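Here is a friendly briefing to read with the model open beside you.

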Amino acid sequence: MDERQQEFPKNKRRKKKRKKKHYLLKFTILVILAVGTYYLLTSHLFDIQQITVADNSYFTSEQVIGISEIRIGDNLFETDMNEAKERLLEEPYIKNVQVKRRIPGTVEIVLEERTEYAAVAYGMECIIIDSEGLVLRIVEERPALPLLAGLDTLNMTPGEPLEVTQNYSLTDTLKLIEATKATDLYFKLIRISPVTLKAYIYDNLYCEGTPENLINGIENVEFFCGDAGQAAL
């Protein structure tokens, strides 16, 4: 074996050693950077100094912060924003929410709230629902909302869709209320029967017809109710 052949294995071993040292150095640097980054992010520099709340109307900002369980003084990066979001979404009035970190020490909470849309009579109580029929809360006093009467309630758990035996009638009635938004018409009470609806503007002033006819002829309903006090469509 000549000298060149003997030298080749030695060079190969040297290269392997250099590679091992290179990898070890890179690994050591990465560990140092990771540890340094961890101590930096968990230092007092990133303690939460401010919590802002936007687009809330039903809840006060203090209530939203309380529900989220985010606290001033907690570390910004050790606070689980997903858990805070889940806690907020457990509230029926909160449809969607964003919880964001703002470096160095701010948490921003942006809400999309559900709006009270109608009330469903249930004995001496009223079930408050939104435009999608989701139950928001149950109250004893009658709210300033269209009151739906004649529905047989099966499930009225807050945070879940209202279940009634006449689900199709509930859906059509909510569509009718939506149709009035483009007019000056306001129904204070809607009595629901298997075939027709009686939509009251005042105690003795109402419009009567099938849900489809009332929705399709909402402009005529407005005219007839204004002139004659009663309309049958």
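I70 is in contact with I48, I51, I65, T79, M81, A84, V99, V107 and I109, leaving aside its neighbours within four places in sequence; contact here means heavy atoms within 4.5 Å. This is a predicted model, in which local features need pLDDT of at least 70 and side-chain atom pairs count only at pLDDT 80 or more, while totals for chains, interfaces and linings use all residues. Residues are numbered from 1 along each chain as its sequence is written, and side-chain values use heavy atoms, with hydrogens and water left out.

- I70 belongs to the largest nonpolar core, which has 31 residues; I70, L88, V99, V107 and I109 are the members that touch the most others.
- At least two residues of this core come from each of β1 (50-54), α2 (61-68), α3 (81-89), β2 (94-102), β3 (106-113), β5 (125-129), β6 (135-139) and β7 (147-149).
- Another core, of 25 residues, lies apart from it, with I129, L174, I201 and C207 among its members.
- A nonpolar core is a set of buried Ala, Val, Leu, Ile, Met, Phe, Trp, Tyr and Cys residues joined through side-chain atoms within 4.5 Å.
- Buried means under 20% relative accessible area, exposed over 50%, and partly exposed in between (1.4 Å probe, protein chains only).
- In soluble globular proteins, nonpolar side chains tend to be buried together.

## The chain overall

- Of its 233 residues, 35% count as buried.
- Among contacts between residues at least 6 apart in sequence, 47% join residues at least 24 apart.
- Mean pLDDT, the predictor's confidence in each residue from 0 to 100, is 84 for the chain, and 75% of the residues reach 70 or more.
- Residues 226-233 have pLDDT below 50, and this stretch has 20 contacts in the model beyond near neighbours in sequence.

- M81, A84 and L88 are the buried residues of α3.
- Seen down the axis of α3, these buried residues fall within an arc of 60°, so they line one face of the helix; the arc is that of the directions from the helix axis to the C-beta atoms.
- The cover over the buried residues of α3 includes α2, β2 and β3.
- N82 and E86 are exposed on the other side of α3.
- At the start of α3, a side-chain oxygen of D80 comes within 3.0 Å of the backbone nitrogen of N82.

- D130 sits in the loop between β5 and β6, and is buried at a relative accessible area of 4%.
- The side chains of D130 and R114 are joined by a polar contact of 2.8 Å. A polar contact is a pair of N or O atoms within 3.5 Å; within protein, one must be able to donate a hydrogen and the other to accept it, and residues adjacent in sequence count only if both atoms are side-chain atoms.
- Not counting residues up to four places away in sequence, D130 touches R114, T115, Y117 and L136.
- T106 is in strand β3, where it counts as buried at 18% relative accessibility.
- With the residues up to four places away in sequence set aside, T106 touches Q50, T52, L76, K100 and R101.

## Aromatic pairs

- The count of aromatic pairs comes to 4. Rings of Phe, Tyr and Trp (its six-membered ring) pair if their centres lie within 6.5 Å; planes under 30 degrees apart count as stacked, over 60 as edge-to-face and the rest as tilted.
- F59 and Y93 pair edge-to-face, at 6.4 Å centre to centre with 85° between the planes.
- F59 lies in the loop between β1 and α2 and Y93 in the loop between α3 and β2, so the pair ties together parts that are 34 residues apart in sequence.
- F59 is buried at 9% relative accessibility, and Y93 is buried at 4%.
- The ring centres of Y200 and Y206 are 5.1 Å apart and their planes are at 40°, so this pair is tilted.
- Ring pairs also link Y58, F59 and Y93 into a cluster.

How values were computed:
Helix = DSSP H or I, 4+ residues; strand = E, 2+ residues; numbered from the N terminus.
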